[in-house]
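Me: I'd like to go through this one and ask what the labels rest on. Can you take me through it?

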Amino acid sequence: MIELTKQMSVSNAAHILYFFDNTDTYLENLMAYIKAGIERNNHIVIIENPTILPDLQQRVKNYFSKEKQNCIHYVNNYSFYQCYGDFQTRKILEHFNHILEPYFHKNLNVRTWAHVEWNDQQHGISTKLEKHEKIADFSVNKMGLMSVCAYASSKVSASLQTAMMKSHEYLMTDKEFVRSPLY
Amino acid sequence: MKREWLVKLRNEKNLTQKDISTIAFIDRSYYTQIENGKRNPSITVAKTIATALEFDPLLFFQDQIDDIHNPQSSINSTNHIKITDFFRTEQHKQILYINTRFDDYLTHLIRFILIGYDKGSPCFIFDIANHLSEMKKKLKMVLPGDDLKGYIHFINHEWNTDKHIFDSILHEHNDETPIYIWSRELQSSNKNTSILPMMQSMSKELKNRNIIFVGSYNASVLSAGSQIQLMRTYPILMTDDEIVVSPLYKNKDQKIFPPLFIQEE
């Protein structure tokens with residue numbers, strides 16, 4: 001078990017599913033995740049929507065020293081999840097491994113936070129997302145990685161949420177953090 | 001198909017076919033046909049035989065219940081048995097059922113009805129007209145006779161479902177009788193299509209009654225945000241494959257941490 005925050009510890013490879021309603025609460029939770037990681041000498045990789053990134057980066061600048069800011073790394077989620085095109089699990093996970101490889105190579109501890117978004121017009125996206133998260137859970141466990149996958153709760157069906165609760169050990173909402181009973 | 005399991009149970013009790021037919025007040029030839037799988041018992045006969053041989057009477061109908069399933073559906077029969085066991089325990093409970101596969105919905109509903117009947121409990125099913133019609137057809141496949149008449153009440157959600165239904169439920173049955181209620185909750189602005197608010201507003205009258213209530217939702221139509229709200233309201237969460245304590249329902253045994261930013265503060 002490793003410390004997620006002062007109040008709680010989670011499994012070494014913690015795959016956390018976050019469904020958010022409110023963008024402000026989302027940002028507060030993201031900042032809390034970053035702070036907890038930095039306090040524990042982790043690097044943080046954040047895969048985020050480019051419209052949210054400026055607000056996040058400003059909060060980070062206001063809170064952390066330049067040295068600590070160097071431990072926080074940003075990836076544009078539009079290009080990462082190919083929001084304008086086809087959601088392809090294999091390519092996404094290859095890209096993810098490619099981003100993390102330098103940290104592992106230098107034996108640096110790293111945590112990730114990904115705001116998952118997709119092109120709504122895609123056919124069969126629910127099935128793709130479900131498959132993606134199952135494979136991602138396997139990868140996260142294999143890498144011993146702490147990882148948050150964040151979804152806007154209004155954009156996901158209960159069917160997909162239930163399926164994802166089976167591939168994530170922890171479930172977070174804007175008000176709670178719990179173990180997923182379906183994992 | 002021959003019911004080898006029934007033969008085995010009878011032999012373990014050192015009982016003959018004649019013994020069982022006497023206990024069940026049926027012809028020996030009828031009992032032989034039941035063992036050979038050529039006929040199905042009525043629910044009353046099933047219960048009598050099951051009591052004599054000490055097993056779950058639902059075993060007689062397992063094949064028919066399983067036949068309801070689409071062969072492509074990923075049914076896990078062990079988990080379905082756990083859900084059935086859960087329905088069977090007589091305790092006041094509210095179960096949130098997030099349903100993805102319609103065939104599983106029908107299967108669970110049939111088991112719910114049969115368990116309620118087995119306990120002598122009335123059963124109230126709230127759903128839309130075409131689901132009720134489908135349900136009645138499937139139930140006939142499992143129980144061709146009129147055994148369940150008078151015990152099951154099918155109520156069409158598309159009518160004006162209101163408090164009068166519950167008034168009659170409460171007055172017709174005494175305080176000791178468990179009541180089985182199953183509702184296909186609809187996502188509509190018309191609050192009369194949802195049973196849960198009615199039950200919550202009647203909490204005083206219902207407090208001392210033993211009610212097993214399943215509120216079922218179509219998972220492809222319900223949003224994740226709505227499911228999260230419902231998981232805070234219902235103590236038990238059920239899917240097509242499993243039944244668990246709802247992770248977001250506050251009770252003294254449940255460990256719920258606040259979100260990260262509150263922990264950090």
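This is a predicted model: local features need pLDDT of at least 70, side-chain atom pairs count only at pLDDT 80 or more; totals for chains, interfaces and linings use all residues.

Me: What makes β6 and β7 of chain A a pair?

Reply: Pairing takes at least two bridges, and these strands have five, so they count as paired. Within β7(A), Val148 is the residue that stands opposite A:Trp113.

Me: Which sheet do they belong to, and in what order do its strands come?

Reply: An open, mixed sheet of seven strands in chain A, ordered β5-β4-β6-β7-β3-β8-β9.

Me: Why are β5 and β9 of chain A said to stand at the edges?

Reply: Each has a single partner strand, so one side of β5 (72-76) and of β9 (177-179) is left without a neighbour in the sheet. From one strand to the next, the twist averages 20°.

Me: What lies across β5 of chain A?

Reply: Helix α2 (residues 53-63) of chain A, which lies across β4 (43-48) too and runs at about 175° to β5(A).

Me: Over in chain B, which residues of helix α1 (residues 4-12) are buried?

Reply: B:Leu6, B:Val7, B:Leu9 and B:Arg10. They cover an arc of only 165° around the axis, which puts them on the same side of α1(B).

Me: Which residues are on the other side of α1(B)?

Reply: B:Glu4, B:Lys8 and B:Glu12 are there, and they are exposed.

Me: What do the buried residues of α1(B) pack against?

Reply: Helices α2 (17-23), α3 (28-35) and α4 (43-53) of chain B. Just after α1(B), B:Asn14 has a positive phi of about 55°.

Key
Residues are numbered from 1 along each chain as its sequence is written. Chains are lettered from A and ligands numbered from 1 in the order in which they are written. Side-chain values use heavy atoms; hydrogens and water are left out. Helices (H or I, at least four residues) and strands (E, at least two) are DSSP runs, numbered from the N terminus. Axes are lines fitted to C-alpha atoms, for helices over the stretch in contact, and angles run from 0 to 180 degrees between N-to-C directions. Contact means heavy atoms within 4.5 Å. Buried means under 20% relative accessible area, exposed over 50%, partly exposed in between (1.4 Å probe, protein chains only). The arc is that of the directions from the helix axis to the C-beta atoms.
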